Amino acid sequence: MVIEQPWERIVPIHDIPKERLIGFGCGVSAFDQWLLTSARSAASRGECVAHICVDSNGLPVAFFTLSATSISPDDVSNKFRGGLHGLIPATLLGKLGVRTDIQGNGCGTRVLHHAMQYALRSAQFVSSRLLVVDALTVDLVPWYENRGFRRLPNAERRLVCKMSDVRKICSQQTPGYFTG
Ligand SMILES: CC(C)(COP(=O)(O)OP(=O)(O)OC[C@H]1O[C@@H](n2cnc3c(N)ncnc32)[C@H](O)[C@@H]1OP(=O)(O)O)[C@@H](O)C(=O)NCCC(=O)NCCS
């Protein structure tokens, strides 16, 4: 079943009061704890920015993080290398989580699409060839593969999606899909 998008808007971590993050749970306590205690400092020191999907009461229902990264050309096939010989500029989707009570309704996929859209927008200003993700577990690798990512040949959990494919995936969404 796919439910109505349960968030109203997406805000960067600094725009949500810390107390609103208390009680958010995605089922991975390390993520929940990180969001509450470390996400702000991570943004301040330029490590990554957490983007929070909030409902009409301003409460978090999901989040994702993005940062700049690079990939060694030796780690990817020619298709992903695109003729580059030096480090390949990329965007890292570091963390992604959906509140446990709404999981399994297409929300995770939708949050992933929002993260893709943000990565794409960012790449219009700061070049990035690939969107990279490290699946939290091996079990989650197919979840990303079914959503456009390909696992790197010598990595158990690292996957990439070409930014040109991210663009195609985002453009396949219906008008109004990317609210927030
Ligand atoms: C992974 C996560 C974002 C998926 O959110 P969601 O709302 O359940 O996602 P969707 O509804 O779009 O997709 C549901 C599908 O994902 C699968 N799935 C969800 N969590 C999974 C997991 N940990 N391992 C393997 N598959 C998983 C479900 O079985 C379901 O499969 P189906 O479509 O074949 O029935 C969510 O489970 C979550 O927040 N997990 C905790 C944090 C986490 O692991 N984040 C991933 C970081 S790499």
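A residue counts as near a molecule or strand if its C-beta atom, placed from the backbone, lies within 6 Å of it. This is a predicted model, where local features need pLDDT of at least 70 and side-chain atom pairs count only at pLDDT 80 or more, while totals for chains, interfaces and linings use all residues. Residues are numbered from 1 along each chain as its sequence is written.

**View 1. The shell around the ligand.** Of the 20 residues around the ligand, Gln103, Cys107, Gly108, Thr109 and Leu136 come nearest. Strand E4 (88-98) and helix H4 (107-123) are the elements that give two or more residues to this shell; helices (H or I, at least four residues) and strands (E, at least two) are DSSP runs, numbered from the N terminus.

**View 2. The open sheet.** Seven strands follow the order E1-E2-E3-E4-E5-E7-E6, with mixed pairing; two strands pair if DSSP finds at least two bridges between them. At the edges, strand E1 (9-12) and strand E6 (150-151) each pair on one side only. Further in, E4 and strand E5 (residues 130-134) run parallel, joined by four bridges. Look for threonine 91, whose bridge partner in E5 is leucine 131.

**View 3. Helix H4 and its cover.** The end C-alpha atoms of H4 are 24 Å apart, which agrees with the 24 Å that its 17 residues should span at 1.5 Å a residue (the expected span is 1.5 Å times one less than the number of residues). Buried residues of H4 include Cys107, Gly108, Val111 and Met116 (buried: 20 or more other C-beta atoms within 10 Å of its own, with C-beta atoms placed from the backbone).

Terms used. Buried ≥ 20, exposed ≤ 12 C-beta atoms within 10 Å, placed from the backbone.
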